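Please have the sequence and the model open while you work through them.

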Amino acid sequence: MPHCTTQLAAISGAGECMTREFEECRPYTSIEQFRGEIGKYIAPEEVAALEKYLFVPVDPNQADATTMQQLPGVNADLAQQLSGNRPYASADAFLTALGKLVSPELVATVQTYLVGA
C-alpha cells in the first residue's frame, strides 16, 4: 500500500472505498474536486479538516479561487485580484504580480506550490 494511502487509512472513518478513490483521483486539480470526491464518504467538516494536509499544485492561469487560496498569504480578495490579471505568461510573471501584494518571503514559499515551477 503506498505511503499516503497508509496514512489516509489511519484516519478515523476512512474506509477502503475512500482510500481507493483518493488514490484513483490523484492528482487533484482543485480543492473543489477533492471535496466532491472525498465528500462522498465523510462529512463536510471532516473533509475540511483533511484539506490542511492536501496539496493541490496551482496553475495560476487555471486554478479556481478556492484552490488559489491554498497559496500562503492569498485570501479570497487576493485570489480574485490575481485571477482577474490572467493570463500570466509564466510562473515568474505570476510571482512578480504576487510580489506586489505579499511579502518576498511568501512569494518564495508560493513558488513551491505552482505547477511546473
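**Exercise 1: the pairing of H7 and H8**

In this predicted model, H7 and H8 are roughly antiparallel to each other. Derive this orientation from the axes of H7 and H8, and then determine which residues form the contact.

*Solution.* Begin with the geometry: the axes of H7 and H8 come within 9 Å and cross at roughly 150°. Angles over 145 degrees count as roughly antiparallel, and the two helices are therefore assigned to that class. As to handedness, the crossing in which H7 passes H8 is right-handed. Turning to the contact, Phe 94, Leu 95, Leu 98 and Gly 99 of H7 meet Val 107, Val 110 and Gln 111 of H8, and by class these are five nonpolar, two polar and no charged residues.

**Exercise 2: the buried side of H7**

Which residues of helix H7 (residues 91-99) are buried, and what covers them?

*Solution.* The buried residues are Phe 94, Leu 95, Ala 97 and Leu 98. Because they cover an arc of only 160° around the axis, they lie on the same side of H7. Their cover includes helix H6 (76-84) and helix H8 (104-111).

**Exercise 3: the pairing of H3 and H4**

Describe how helix H3 (residues 31-38) and helix H4 (residues 44-51) cross.

*Solution.* The axes of H3 and H4 come within 10 Å and cross at roughly 135°, and the helices are therefore oblique to each other. H3 passes H4 in a right-handed crossing. On the side of H3, Ile 31, Phe 34, Arg 35 and Ile 38 meet Val 47, Leu 50 and Glu 51 of H4, a contact with five nonpolar, no polar and two charged residues.

Notes
Residues are numbered from 1 along each chain as its sequence is written. This is a predicted model: local features need pLDDT of at least 70, side-chain atom pairs count only at pLDDT 80 or more; totals for chains, interfaces and linings use all residues. Side-chain values use heavy atoms; hydrogens and water are left out. Buried means under 20% relative accessible area, exposed over 50%, partly exposed in between (1.4 Å probe, protein chains only). Helices (H or I, at least four residues) and strands (E, at least two) are DSSP runs, numbered from the N terminus. The arc is that of the directions from the helix axis to the C-beta atoms. Contact means heavy atoms within 4.5 Å. Axes are lines fitted to C-alpha atoms, for helices over the stretch in contact, and angles run from 0 to 180 degrees between N-to-C directions. Angles under 35 degrees count as roughly parallel, over 145 as roughly antiparallel, 65 to 115 as roughly perpendicular and the rest as oblique. A crossing is left-handed if the near helix is turned anticlockwise from the far one by less than a right angle, and right-handed if clockwise. Ala, Val, Leu, Ile, Met, Phe, Trp, Tyr, Cys and Pro count as nonpolar, Asp, Glu, Lys and Arg as charged, and the others, Gly among them, as polar.
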